[in-house]
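Me: Hi! I'm new to this one. Could you walk me through it?

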Amino acid sequence: MSSNTGSNLPGSHEPGTPMAASPLTRAVLEIDEYASGLGWDQPARLFALVDTAKLRSQEPNLAAQLGLDDAPSTTTSYTPIEQEELPKGTALDKFLGTIAWPDAVVGCALTVERLMLPPSAEASVPHGMNDKQLAAWVAKHPDRQEVRMTVAVLRDGARESALRLREKDSPTEVLTGADLVPGLAEALAATFAD
């Protein structure tokens with residue numbers, strides 16, 4: 001696990017982090033807020049999720065560097081640690097297939113931007129296009145929506161996602177749910193397969 005401490009994420013104890021139902025939801029919203037601060041048109045970003053209390057006890061210097069040394073330890077939380085930049089030109093699914101996490105990592109998350117079409121437009125998709133042609137067609141479609149997806153999975157199978165539309169770029173407009181991006185969640189879960 002490598003940490004990119006040059007771009008630290010605030011701990012979930014920070015003021016302004018939305019209160020959410022579960023620690024995993026809070027971690028996903030924290031990553032979404034971090035990605036939002038970087039602006040749009042960003043590359044995919046991969047994060048290791050570690051147990052905050054264990055990080056404080058086992059790696060106190062890193063916890064201090066991440067600003068976690070004074071966080072209350074009575075609540076379960078996950079600390080996202082951004083990994084090195086994904087290799088350019090490598091397909092996301094192929095890259096994810098190369099990942100193996102150390103035991104200290106309890107989960108992982110990925111944030112990625114994509115173009116999406118509403119269900120009403122999917123019926124008009126021309127048949128017989130390859131992936132590149134389809135991407136070009138979607139990019140020109142008048143009903144396309146730019147979306148940032150943040151998906152997290154834990155070793156135990158728990159999942160959470162956050163979706164943010166570019167046209168509704170506000171923390172109050174972020175949609176969350178465990179099954180919003182099932183394919184990406186499956187790919188992330190596979191990084192923990194033995």
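Reply: Happy to. One term to start with: a polar contact is a pair of N or O atoms within 3.5 Å; within protein, one must be able to donate a hydrogen and the other to accept it, and residues adjacent in sequence count only if both atoms are side-chain atoms. This is a predicted model, where local features need pLDDT of at least 70, side-chain atom pairs count only at pLDDT 80 or more, and totals for chains, interfaces and linings use all residues. Residues are numbered from 1 along each chain as its sequence is written, and side-chain values use heavy atoms, leaving out hydrogens and water.

Me: Which backbone oxygen lies 2.5 Å from a polar atom of the side chain of Thr191?
Reply: That of Leu188. The Thr191 side chain also has a polar contact of 3.0 Å with the side chain of Trp101.

Me: Is Thr191 buried or exposed?
Reply: Thr191 is buried, at 5% relative accessible area. Buried means under 20%, exposed over 50%, and partly exposed in between (1.4 Å probe, protein chains only).

Me: New topic: how many salt bridges are there?
Reply: Nine in the whole structure, each being a side-chain nitrogen of Lys or Arg within 4 Å of a carboxyl oxygen of Asp or Glu. One of them pairs Arg164 with Asp169, with the closest N and O atoms 2.8 Å apart.

Me: Is Arg164 buried or exposed?
Reply: Arg164 is buried, at 1% relative accessibility, while Asp169 is partly exposed at 35%.

Me: Which residues are joined with them into one network?
Reply: Asp32 and Glu33, through salt bridges that share partners.
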